[in-house]
There are 4 protein chains.
Amino acid sequence: MASEIKKIGVFTSGGDSPGMNAAIRSVVRTCAYLGIECVGIYRGYQGMMEGDFKTLDARSVNNIINKGGTILKSARCEEFRTEKGRRKAYDQLTKEGIDAFVVIGGNGSFTGALLFTEEYDFPVIGIPGTIDNDILGSSYTIGFDTAINTVVDAIDKIRDTASSHNRLFFVEVMGRDVGHIALNAGVGAGAEEILIPEQNLGLERLLDSLKRSKASGKSSSIVIVAEGDKIGKNVFELKEYVEEHLPIYDVRVSVLGHMQRGGNPTCFDRVLASRMGVKAVESILEGKSNLMVGIKDTKLVLTPLAEAIKAHTEIDEELIRVSDIMTT
Amino acid sequence: MASEIKKIGVFTSGGDSPGMNAAIRSVVRTCAYLGIECVGIYRGYQGMMEGDFKTLDARSVNNIINKGGTILKSARCEEFRTEKGRRKAYDQLTKEGIDAFVVIGGNGSFTGALLFTEEYDFPVIGIPGTIDNDILGSSYTIGFDTAINTVVDAIDKIRDTASSHNRLFFVEVMGRDVGHIALNAGVGAGAEEILIPEQNLGLERLLDSLKRSKASGKSSSIVIVAEGDKIGKNVFELKEYVEEHLPIYDVRVSVLGHMQRGGNPTCFDRVLASRMGVKAVESILEGKSNLMVGIKDTKLVLTPLAEAIKAHTEIDEELIRVSDIMTT
Amino acid sequence: MASEIKKIGVFTSGGDSPGMNAAIRSVVRTCAYLGIECVGIYRGYQGMMEGDFKTLDARSVNNIINKGGTILKSARCEEFRTEKGRRKAYDQLTKEGIDAFVVIGGNGSFTGALLFTEEYDFPVIGIPGTIDNDILGSSYTIGFDTAINTVVDAIDKIRDTASSHNRLFFVEVMGRDVGHIALNAGVGAGAEEILIPEQNLGLERLLDSLKRSKASGKSSSIVIVAEGDKIGKNVFELKEYVEEHLPIYDVRVSVLGHMQRGGNPTCFDRVLASRMGVKAVESILEGKSNLMVGIKDTKLVLTPLAEAIKAHTEIDEELIRVSDIMTT
Amino acid sequence: MASEIKKIGVFTSGGDSPGMNAAIRSVVRTCAYLGIECVGIYRGYQGMMEGDFKTLDARSVNNIINKGGTILKSARCEEFRTEKGRRKAYDQLTKEGIDAFVVIGGNGSFTGALLFTEEYDFPVIGIPGTIDNDILGSSYTIGFDTAINTVVDAIDKIRDTASSHNRLFFVEVMGRDVGHIALNAGVGAGAEEILIPEQNLGLERLLDSLKRSKASGKSSSIVIVAEGDKIGKNVFELKEYVEEHLPIYDVRVSVLGHMQRGGNPTCFDRVLASRMGVKAVESILEGKSNLMVGIKDTKLVLTPLAEAIKAHTEIDEELIRVSDIMTT
């Protein structure tokens with residue numbers, strides 16, 4: 001029963017994303033506002049199994065809204081995938097008197113939460129925190145907006161040097177399964193070509209596009225490549241391929257890497273996280289469970305976790321078209 | 001008839017906002033992609049009346065997607081509000097052979113466009129470019145996302161010095177009629193109190209809130225005040241009032257001013273502007289007119305200009321609540 | 001005797017500046033490295049008189065090198081200017097067993113330190129922490145580099161909107177007695193005119209310069225005004241004066257204010273602060289006192305506090321000349 | 001004779017660096033101020049040999065002081081190393097009537113200039129533009145300050161995610177022959193270990209240091225590695241080595257790459273470039289040649305090009321010591 005909720009746990013899980021701290025802060029302060037005790041669970045499911053808990057009051061989350069990373073740490077945890085692992089976690093939660101939890105993370109984290117709540121009928125609400133923006137049920141995930149700005153800032157810098165030397169750059173960005181970062185940051189940075197996992201346009205088209213770009217008088221070219229691109233070559237192989245088949249370019253590679261996960265969150269991510277934290281706690285107190293908080297347009301919505309983890313959000317075809325037109 | 005459109009004009013009007021250049025670039029490149037001629041109109045309606053035109057090809061908008069301001073300049077124009085002024089503009093457009101135009105601006109700019117198209121049956125599509133985010137028919141306007149990040153960055157800096165000295169700061173942000181910037185940036189910056197035109201909570205409540213904040217052990221307080229706040233005092237009078245009635249604080253004022261209108265646009269604003277530009281040109285070619293391109297959730301939509309200018313978008317009550325809870 | 005130093009106090013005093021935390025961290029870690037105990041003194045001389053102390057070990061300064069403000073807080077303190085106040089402070093230091101202290105601040109803070117050490121023969125080393133860069137004996141003070149970048153970033157943003165509207169902006173920056181921020185940020189931002197306390201060029205020259213700028217075809221003008229400018233008018237009066245005498249401009253004002261004191265310190269300020277902290281502690285252990293650590297070219301040097309507080313550093317005439325040439 | 005100088009050429013050469021545009025602007029405006037014609041030479045020595053020239057007036061360098069890269073493009077040029085190549089260049093310069101040139105670049109560019117001026121007795125002044133800060137005769141080169149801030153910003157972001165996951169990161173930064181970027185950015189970012197070409201501390205020491213760092217309770221570790229580090233392993237091999245020999249860490253690699261060369265220049269670099277440009281032109285007009293403009297402390301100085309290219313500037317031993325102490 002919702003009326004019995006006296007203590008709520010909160011944790012971050014999986015890859016960290018900027019804005020997770022703002023979400024933690026929001027969960028903690030909403031609990032304080034509503035007179036509920038809030039317990040921070042460190043290192044995700046790993047810390048849950050080990051009882052790595054700490055009570056958090058409103059002041060304990062001062063000055064974290066603008067910090068990247070997560071003060072609760074994050075981890076991936078194999079053991080929680082086993083029944084035994086989840087039993088350990090349940091025992092620790094029970095021992096601590098935690099009546100429900102809010103999990104901030106992505107698909108993997110939600111899958112674990114779903115298994116857990118099905119086995120133990122434990123109230124659980126999810127908040128989508130991942131830079132990949134690939135969660136069904138929310139138009140935006142916490143951290144995505146910051147990540148695309150980090151990528152665009154980096155490419156703006158690379159563009160400076162690319163233009164000065166008439167170079168072609170392959171820039172690898174995060175996105176193993178989905179191309180949202182690549183597509184949005186690519187359009188935002190004015191990239192000449194964007195290679196994403198959802199599309200395999202083939203190497204021929206890439207060469208054609210680069211030839212056209214050169215012919216049109218552009219002084220440099222930037223090609224964004226998502227990690228999970230299906231063109232069959234990684235970014236270093238792409239460089240070699242183009243150097244061999246299109247020797248008109250001086251080609252360079254840049255792999256942006258983990259800086260994409262960090263940084264002070266943007267205002268958008270801070271506000272989104274603040275709103276979602278309130279909604280998560282209030283949903284638990286309304287007796288809801290097994291749901292994820294999402295945003296559709298400007299309104300918060302709830303989606304069953306089972307739905308949210310079913311598939312990645314699809315890439316926006318219209319945005320691919322915009323990208324093509326912009327490289328005219 | 002849409003089939004007769006051979007030349008499209010584009011201009012920016014009213015207060016400038018970051019991302020206007022990305023919108024111009026998008027209109028220009030979409031025209032180039034579709035084989036339509038594109039003409040830049042300088043200084044808004046003023047330049048239109050004076051025939052201040054320049055043909056823009058795809059390369060002429062290189063390297064502007066990441067620049068604040070507008071390469072076409074902007075202006076407010078009294079004369080265009082008169083029939084005589086609009087007649088001048090029409091003559092110039094006709095002389096240049098411009099068949100339709102895309103206006104990038106806010107309410108005032110759209111009102112002018114509406115009058116003009118009603119008088120001359122001239123195809124017009126609007127793109128919402130203003131930092132105020134106050135246009136009905138679009139959840140976001142171009143420049144708003146950049147502006148709230150500029151404000152949040154400034155307040156993050158002010159917070160550093162406020163915390164070091166246990167001070168109370170009143171920070172004035174833009175928003176004469178609407179509090180969207182104040183509310184979003186206020187939540188994003190973790191402000192202790194946010195004063196917006198849509199609400200007049202009274203001075204008593206402000207004092208209470210500041211007392212509570214002090215009592216709760218916070219080392220500093222930031223109060224965001226929208227320009228158009230209705231509490232009856234400007235930000236300097238607020239300072240005096242609080243110093244008199246609540247002498248526990250060392251109070252300072254900061255007026256953020258015009259820097260809020262500038263800066264490199266965020267990825268969100270660049271992508272939004274790129275998408276809207278494509279949609280605007282395509283809508284004209286589909287024979288549409290008197291419409292504004294907007295975004296609802298992740299999809300572009302069209303709204304009659306007459307609807308768009310009717311009223312400001314309302315402030316989100318849920319976000320006000322989030323703001324109250326966060327200051328626990 | 002230096003050999004008897006077992007416990008060193010450290011504090012920040014006066015206006016805060018970015019990089020003070022990096023200096024605190026350096027003092028604390030150098031003490032830890034050398035086996036000396038380090039005590040943080042909160043709120044400057046005020047906290048010293050009240051015994052507001054806390055022992056700091058190497059881990060207590062984790063993750064502060066990149067934070068603006070000062071974790072030890074800062075304050076101005078009237079009482080310490082009295083003999084009685086300094087007696088209180090001495091008693092507290094003695095009670096805590098503090099054998100020497102490092103004061104991070106500006107002229108006012110050093111003046112207090114000098115009085116104190118002369119009265120009580122207490123080992124004292126100063127580190128120049130102020131955004132004003134006005135301390136004799138050091139080519140750079142901690143915080144100056146960050147402050148000029150903050151100003152330049154803000155003006156870059158203002159320039160966007162100034163250019164879009166062909167406006168003239170008066171931008172007031174910090175610097176009550178010295179124009180280092182105004183002059184450096186003005187040259188860095190490409191300002192058309194820079195008004196500093198060290199020069200009074202008169203209003204006529206300003207008008208002439210603005211006329212020339214307009215005539216040369218510039219689309220906007222930015223005039224930087226240091227707070228302490230001696231031209232006889234504040235920035236709002238300047239606006240009115242120019243509007244009256246040079247009605248060709250649409251004039252606006254922006255007062256940058258306290259954001260100039262905050263923000264994540266630049267690499268330069270972090271490195272400078274780290275180096276100065278080491279030098280300060282080592283100097284104390286070498287038996288030195290009444291000295292300020294400074295930097296000349298790339299080397300650290302020591303200057304008697306009595307010298308450092310004698311006068312402000314002079315403005316660089318060559319840089320004024322560069323400024324004049326650049327506005328050609 | 002200096003009195004005969006009527007037309008000065010300016011170009012950028014070698015790897016580009018942020019602030020080169022500010023230096024170009026300064027050379028151009030100083031010429032305009034002094035009534036000398038200024039000609040931009042595109043693509044360095046390559047463009048010189050091809051006669052790729054364009055006259056630049058004061059307005060042609062508007063709005064570039066804050067842009068990374070170089071509007072004159074840059075290139076490396078093999079042919080200029082031959083007598084024949086330099087003859088071509090001389091013929092083009094003569095044909096254009098260029099009486100002297102200012103070269104903005106690094107060691108390689110100065111070596112070419114020196115050969116040229118010795119063969120043709122042609123007035124030449126160098127300005128040190130390189131992110132590496134490795135030029136004898138100047139304490140700072142244009143671009144270095146921006147580059148170390150770019151690196152520190154990136155590492156601040158990486159630190160967020162490193163801390164959240166208790167990870168060890170190897171971050172590779174630029175610096176093939178010299179460790180100035182690595183050392184300064186490493187101290188600025190609070191790196192746990194810094195590996196530079198000038199030192200080979202050995203793999204044992206690295207492992208010891210990492211063990212100590214872990215034992216001291218740090219939640220993450222960042223090791224900065226200069227490209228040219230002599231430890232015998234590249235950054236990916238280092239990762240493997242540490243994973244094998246110190247399995248307590250989850251190790252990741254990040255190669256920052258070419259973004260280090262771009263970005264809006266810092267105020268320091270803009271001011272430095274502005275000052276050096278003035279000095280370069282004035283030196284030519286004073287009849288000087290074969291010299292490089294440098295900065296020592298806050299004053300500009302001139303050094304024979306033959307001296308400047310003799311060796312790299314040495315790493316600061318004191319800063320290495322500071323780095324060691326800070327990782328306590």
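Predicted model: local features only at pLDDT ≥ 70, side-chain atom pairs only at ≥ 80, totals over all residues.
Residues are numbered from 1 along each chain as its sequence is written, chains are lettered from A and ligands numbered from 1 in the order in which they are written, and side-chain values use heavy atoms, with hydrogens and water left out.

Asn107(A) belongs to helix α4 (residues 107–120) of chain A; helices (H or I, at least four residues) and strands (E, at least two) are DSSP runs, numbered from the N terminus. An unreviewed UniProt entry lists Asn107(A) under "binding site"; UniProt positions are given in the numbering used here, feature names are shortened, and such annotations may be inferred rather than shown by experiment. When neighbours within four places in sequence are left aside, Asn107(A) is in contact (heavy atoms within 4.5 Å) with Asp134(A), Ile135(A), Ala308(A), Ile309(A) and His312(A).

Asp132(A) is found in the loop between β5 (124–128) and α5 (144–165) of chain A. Its relative accessibility is 18%, so Asp132(A) counts as buried. Residues up to four places away in sequence not being counted, Asp132(A) touches Phe144(A), Gly175(A), Val178(A), His180(A) and Ile181(A).

In chain B, helix α6 (residues 180–188) is mostly covered, with nine of its nine residues buried. Among them are His180(B), Ile181(B), Asn184(B) and Val187(B). The cover over the buried residues of α6(B) includes α9 (267–285) of chain A, together with α5 (144–165), β6, β7, β8 and α11 (317–326) of chain B. After α6(B) comes Gly190(B), with a positive phi near 70 degrees.

Helix α7 (residues 202–215) of chain B has 14 residues and reaches 20 Å from its first C-alpha to its last, close to the 20 Å expected at 1.5 Å a residue; the expected span is 1.5 Å times one less than the number of residues. Its buried residues are Leu203(B), Leu206(B), Leu207(B), Ser209(B), Leu210(B) and Ser213(B). Viewed down the axis of α7(B), these residues fall within an arc of 165 degrees, so they line one face of the helix; the arc is that of the directions from the helix axis to the C-beta atoms. An α-helix has 3.6 residues a turn, so residues three or four places apart point the same way. The face of α7(B) turned away from the buried side carries the exposed residues Glu204(B), Arg212(B) and Ala215(B). Covering the buried residues of α7(B) are elements of chain B that include β6 (167–173), β7 (193–195), β8 (221–226) and α8 (235–245).

The 14 residues of α3(D) should span 20 Å at 1.5 Å a residue, and its end C-alpha atoms are 20 Å apart, which agrees. Gly85(D), Arg86(D), Ala89(D) and Leu93(D) are buried in α3(D). Down the axis of α3(D), its buried residues lie within an arc of 95 degrees, so they line one face of the helix. Glu83(D), Lys84(D) and Lys95(D) are exposed on the face turned away from that buried side. The cover over the buried residues of α3(D) includes β2 (37–41), α2 (44–50), β3 (53–55), β4 (100–105) and α4 (107–120) of chain D.

Chain B and chain C contribute 34 residues each to their contact and bury about 2,400 Å² between them, 52% of it on carbon and sulfur atoms. Buried area here is the accessible area (1.4 Å probe) that two parts lose on being put together, summed over both. On the side of chain B, Lys157(B), His258(B) and Met259(B) lose the most area to chain C, together 26% of what that side buries.

Notes. Buried < 20%, exposed > 50% of the residue type's maximum accessible area, 1.4 Å probe, protein only.
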